Amino acid sequence: KQWYQRRVAITAGGSTDKLPYVTMGSGSLAAMSVFEDGYKVGMNEEEAKKLVRDAIRAGIVNDLGSGSNVDITVIKQGSVQQFRPYEVICKKSERQGDYTFPAGTTAVKSSHDMVPFSALRVTDEEVMEIS
């Protein structure tokens with residue numbers, strides 16, 4: 001078997017896919033574009049780690065929710081090796097000021113301007129068939 005036949009994605013919903021490469025999470029679209037451009041059959045471990053690093057890096061710099069470090073785990077039969085961090089993409093800075101605000105800083109016009117969810121009603125509805 002080729003090594004890529006053993007790559008399995010397990011989604012949050014529990015479904016599985018066997019693919020040569022997978023991406024998941026909020027930065028996955030940017031990461032997938034790197035895999036689509038750089039993946040080739042027969043890559044050695046260092047080439048694969050570089051490709052994974054580049055894909056995660058693309059996810060980080062194109063998505064504010066993707067963190068700041070590249071962490072890589074290499075799983076082989078009989079061993080697991082973690083590289084944490086493999087690379088630091090964006091070093092966090094120190095806060096420059098005090099970001100605590102006293103109660104009442106943000107004005108609310110009045111509580112009766114807010115519409116409770118229970119007061120909303122559907123006035124028009126269309127059900128679409130999925131075939």
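Student: How do the side chains of Glu45 and Lys49 meet?
Tutor: They meet in a salt bridge, at 3.7 Å from N to O. A salt bridge here is a side-chain nitrogen of Lys or Arg within 4 Å of a carboxyl oxygen of Asp or Glu. Keep in mind that this is a predicted model, where local features need pLDDT of at least 70 and side-chain atom pairs count only at pLDDT 80 or more, while totals for chains, interfaces and linings use all residues. Residues are numbered from 1 along each chain as its sequence is written, and side-chain values use heavy atoms, with hydrogens and water left out.

Student: Thanks! Where do Glu45 and Lys49 lie?
Tutor: Both are in helix 2, four residues apart, or about one turn of the helix. Helices (H or I, at least four residues) and strands (E, at least two) are DSSP runs, numbered from the N terminus.

Student: Is Lys49 buried or exposed?
Tutor: Lys49 counts as buried, because its relative accessibility is 8%. Buried means under 20% relative accessible area, exposed means over 50%, and partly exposed is in between, with a 1.4 Å probe and protein chains only. Glu45 is partly exposed, with a relative accessible area of 28%.

Student: Which other residue forms a salt bridge with Glu45?
Tutor: Lys76 does, with the closest N and O atoms 2.7 Å apart. Lys76 lies in strand 3 and Glu45 in helix 2, so this pair ties together parts that are 31 residues apart in sequence. Lys76 itself is partly exposed, at 44% relative accessibility.

Student: What about Arg57, which residue does it form a salt bridge with?
Tutor: Glu87 is a partner of Arg57, and their closest N and O atoms are 3.3 Å apart. This pair also links distant parts of the chain, with Glu87 in strand 4 and Arg57 in helix 2, 30 residues apart. Glu87 is partly exposed at 24% relative accessibility, and Arg57 is partly exposed at 35%.

Student: How many salt bridges does the count come to?
Tutor: By this rule, nine salt bridges.

Student: Back to helix 2, then. How far apart are its end C-alpha atoms?
Tutor: They are 24 Å apart. The expected span is 1.5 Å times one less than the number of residues.

Student: Which residues of helix 2 are buried?
Tutor: Lys49, Leu51, Ala55, Ala58, Gly59 and Ile60 are. What covers the buried residues of helix 2 includes helix 1 (28-38), strand 3 (69-76) and strand 4, where contact means heavy atoms within 4.5 Å.

Student: What does a side-chain oxygen of Asn44 reach at the start of helix 2?
Tutor: It comes to within 3.1 Å of the backbone nitrogen of Glu46.

Student: New topic! Is Leu120 buried or exposed?
Tutor: Leu120 counts as exposed, because its relative accessibility is 56%. You'll find Leu120 in the segment after strand 4 (79-88).

Notes:
Polar contact = N/O pair within 3.5 Å; in protein donor to acceptor, adjacent residues only side chain to side chain.
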